[in-house]
Amino acid sequence: MTLTGQPRQDAAHHLEQEALVVAGRPISSRLIMGTGGAANLEILERALIASGTALTTVAMRRVDAAAGTGVLDLLRRLEIEVLPNTAGCRTAAEAVLTARLAREALETDLVKLEVVADERTLLPDPIELLDAAEQLVDDGFTVLPYTNDDPVLARRLEQVGCAAVMPLGAPIGTGLGIRNPHNIAMIVEQAGVPVVLDAGIGTASEAAQAMELGCDAVLLATAVTRAGDPELMARAMRLAVEAGRAARGAGRIPKRYWAQASSPDLDA
Amino acid sequence: MVVWINGEQRELASDAGVLDALGALGLPRTGVAVAVDGEVVPKARWAATSLSDGARVEILTAVQGG
């Protein structure tokens with residue numbers, strides 16, 4: 001958790017408190033974007049701008065001289081920090097090699113660690129994930145692991161030195177929202193590092209829900225890039241993350257069984 | 001000698017190194033990373049790293065994803 005909960009002193013101090021901080025580095029937006037699924041770079045650019053994101057994922061693949069490095073040029077131009085992922089890796093060894101290649105190619109020690117078990121679910125393989133996380137932390141990486149919505153695994157990832165934990169709401173690309181809000185709440189409750197809800201978001205209300213549950217940020221791609229209007233959905237997600245964060249900070253009313261009048265009695 | 005670059009067989013001079021492998025594909029030297037036989041070769045060592053016959057060279061870059 002990055003907020004101190006101290007009263008606001010001035011605008012700058014307030015902003016500082018408001019920033020997401022991962023491993024000591026402030027990130028000015030709590031909406032982290034992915035770049036996968038966009039029909040073309042022009043649509044992606046409009047969506048990234050509308051999202052207000054400051055940190056965005058890319059994947060590492062064999063170079064194709066014809067394809068060029070358009071996405072990197074785009075992120076540089078928009079001054080968005082690059083977060084390489086290890087998508088497609090099935091073992092700790094593959095993920096560690098991919099992360100090291102990303103560090104070389106992109107000159108960043110940030111890595112979104114993904115080690116998935118199979119194509120059908122794309123769910124994280126917890127054993128390989130924890131192994132890879134430990135190796136990468138030892139090698140000096142700032143490790144942001146994509147993990148199951150399992151409070152025990154999240155705790156273990158934090159214990160080996162991950163800079164954040166990124167539990168899924170639902171499997172990648174499903175748009176099923178947050179299937180187990182209670183698990184996410186438990187992860188938030190015990191975490192000493194930022195919690196980023198990663199994967200499963202389908203629409204804006206679910207991004208707001210993640211923040212209401214106490215997540216520090218939301219990471220999404222498909223919900224925006226494959227939406228009917230990616231730019232408009234990116235704006236919706238930005239507003240939802242802000243709204244959910246404010247609602248969490250405001251403190252919601254307790255739920256009641258019976259009605260409670262909000263106007264004075266007639267004879268009062 | 002023959003080396004494998006990103007899974008494709010390439011004929012290179014017998015004294016070829018990492019920089020020659022990049023050149024063979026006409027690649028830029030920024031935004032890419034190189035592994036030879038499963039080990040990352042840092043950019044600072046590209047010029048000094050020679051390849052052996054049958055070496056497996058992987059050259060990666062960032063693409064849209066995640």
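The model is predicted: local features need pLDDT of at least 70, side-chain atom pairs count only at pLDDT 80 or more, and totals for chains, interfaces and linings use all residues. Residues are numbered from 1 along each chain as its sequence is written, chains are lettered from A and ligands numbered from 1 in the order in which they are written, and side-chain values use heavy atoms, leaving out hydrogens and water.

**Helix 5 of chain A**

- Helices (H or I, at least four residues) and strands (E, at least two) are DSSP runs, numbered from the N terminus.
- Helix 5 holds 13 residues, 126-138, and should span 18 Å at 1.5 Å a residue; its end C-alpha atoms are 18 Å apart, which agrees. The expected span is 1.5 Å times one less than the number of residues.
- Leu129(A), Leu130(A), Ala132(A), Ala133(A) and Leu136(A) are buried. They cover an arc of only 165 degrees around the axis, which puts them on the same side of helix 5. The arc is that of the directions from the helix axis to the C-beta atoms.
- Ile127(A) and Asp138(A), on the other side, are exposed. Buried means under 20% relative accessible area, exposed over 50%, partly exposed in between (1.4 Å probe, protein chains only).
- The buried residues pack against helix 4 (92-106), strand 6 (110-113), strand 7 (142-147) and helix 6 (151-159). Contact means heavy atoms within 4.5 Å.
- At the helix start, a side-chain oxygen of Asp125(A) comes within 3.1 Å of the backbone nitrogen of Ile127(A).
- Just after the helix, Gly140(A) has a positive phi of about 90 degrees.

**Helix 6 of chain A**

- Pro151(A), Leu153(A), Ala154(A) and Leu157(A) are the buried residues. Their arc is only 160 degrees around the axis, which puts them on the same side of helix 6.
- Their cover includes helix 5, strand 7 and helix 7 (181-190).
- Asp150(A) caps the N-terminal end, with a side-chain oxygen 2.8 Å from the backbone nitrogen of Val152(A).

**Thr61(B)**

- Thr61(B) lies in strand 5 (residues 56-64) of chain B. At 3% relative accessibility, Thr61(B) counts as buried.

**Charges over rings**

- The charged end of Lys112(A) sits over the ring of Tyr146(A), 5.4 Å from its centre.
- Arg56(B) lies over the face of Trp4(B), 5.0 Å from the ring centre.
- The criterion is NZ of Lys or CZ of Arg within 6 Å of the ring centre and within 35 degrees of the ring normal.

Key
A polar contact is a pair of N or O atoms within 3.5 Å; within protein, one must be able to donate a hydrogen and the other to accept it, and residues adjacent in sequence count only if both atoms are side-chain atoms.
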